[in-house]
Amino acid sequence: MMSRQHLFIGEDNAEKLKKKKALIIGCGSLGSKSGLNLARWGIGKLTLVDFDLVREENISTQEYLLEQLGESKVKALKELIARINAKVKVKVIEVDFNPRNAEKLVKGQDVVIDGTDNLFTRFVINDACVKNKTPWVYGSAFKTQGRVAVFNQEHCFNCFMKGKQSSATCSQAGLVNETASIVASLQSVLAVKLLLGEKPPAEMILMDLWKQEFEKIRLKKNKECETCSKHAYPYLS
Ligand SMILES: [Zn+2]
């Protein structure tokens, strides 16, 4: 019996997904939701990177259960994934993703999912992914505002975000669970499209759930970009 998701993409594509690998960097709100989504799609392998523990304040916006308090997030997410789809291979890596380990972690992956809550780490993900020619799916969820985009060598995160300052984090300003759910859902669908060989358009989706506002903006390559144009990769060491 084929799953309903596989009825939609077809048997050949379902087989294709079984051979694909995704790296999830950060297993908080976006990462935990994306991990479960990709497990439901039947992806072949997930590598989960996070060094944090499940805490009480995470339960309202992340997929963890009360009985998992105090466990490492990567191990807790691996347990949840196994209860949804035991065929998915899951590798857990309890480290913080940083300029020194970024390239090693991205190498060999078919797609990277951004589950971070930190502007600097996204620049590091971007450098490692562009250098390795791996597409990555950016996601940001903050209060009721969300953003999603695919970045690659043709229009990277640094082209768009260079010089922009980081705002407050969710732990300071709050997050509405549904914002994270929608952002993670869009990230997972974009990841599946990339894994099946589709090329998503060069655009960013922006939303405000409280105001029910959704819009798209075009992303353009910056010919002076140190990452995708000059290949200097300033965020790797
Ligand atoms: Zn660029």
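Modeller: Let us begin with the idea of an expected span, which for a helix is 1.5 Å times one less than its number of residues. Helix H3 (residues 29-41) has 13 residues, and by that rule it should span 18 Å, whereas its end C-alpha atoms are 19 Å apart, which agrees. Please keep in mind throughout that this is a predicted model.

Biologist: How many of the residues of H3 are buried?

Modeller: A residue is called buried when its relative accessible area is under 20%. By that cut-off H3 is mostly covered, since 11 of its 13 residues are buried, and among them are Ser29, Leu30, Gly31, Leu36, Leu38 and Trp41.

Biologist: Which way do residues along a helix point?

Modeller: An α-helix has 3.6 residues a turn, so residues three or four places apart point the same way. With that in mind, you can look at helix H6 (residues 119-131), which has 13 residues and reaches 19 Å from its first C-alpha to its last, close to the 18 Å expected.

Biologist: How many residues of H6 are buried, and what covers them?

Modeller: In H6, 11 of the 13 residues are buried, so this helix is largely enclosed by the rest of the structure. The buried residues include Leu119, Phe123, Val124, Ile125 and Cys129, and also the charged residues Arg122 and Asp127. The cover over the buried residues of H6 includes strands S1 (21-25), S4 (111-114), S5 (136-142) and S6 (145-151), together with helices H5 (102-106) and H7 (157-161).

Biologist: What does a residue in a loop look like, for example Thr61, and is it buried or exposed?

Modeller: Thr61 is found in the loop between strand S2 (45-49) and helix H4 (73-84), and because its relative accessibility is 10%, it counts as buried. Thr61 and Arg218 are 157 residues apart along the chain, and their C-alpha atoms are separated by 29 Å.

Biologist: Which residues other than glycine have a positive phi?

Modeller: Two cases to look at are Lys143, with phi near 55°, and His231, with a positive phi of about 55°. Lys143 is placed in the loop between S5 and S6, and with a relative accessible area of 37% it is partly exposed. His231 lies in the segment after strand S8 (213-218), and it is partly exposed too, with a relative accessible area of 45%.

Biologist: How do I step back to the whole protein, and how many helices and strands does it have?

Modeller: The secondary structure comes to nine helices and eight strands. For overall form, a compact globule of 237 residues would have a radius of gyration near 18 Å, and the protein has 17 Å, which agrees. Its C-alpha atoms fill a box of roughly 50 × 45 × 40 Å along the principal axes, and buried residues make up 51% of the 237 residues. Among contacts between residues at least 6 apart in sequence, 67% join residues at least 24 apart.

Key:
Residues are numbered from 1 along each chain as its sequence is written. This is a predicted model: local features need pLDDT of at least 70, side-chain atom pairs count only at pLDDT 80 or more; totals for chains, interfaces and linings use all residues. Side-chain values use heavy atoms; hydrogens and water are left out. Helices (H or I, at least four residues) and strands (E, at least two) are DSSP runs, numbered from the N terminus. The radius of gyration is taken over C-alpha atoms; the globule rule is 2.2 Å times the number of residues to the power 0.38. Buried means under 20% relative accessible area, exposed over 50%, partly exposed in between (1.4 Å probe, protein chains only). Contact means heavy atoms within 4.5 Å.
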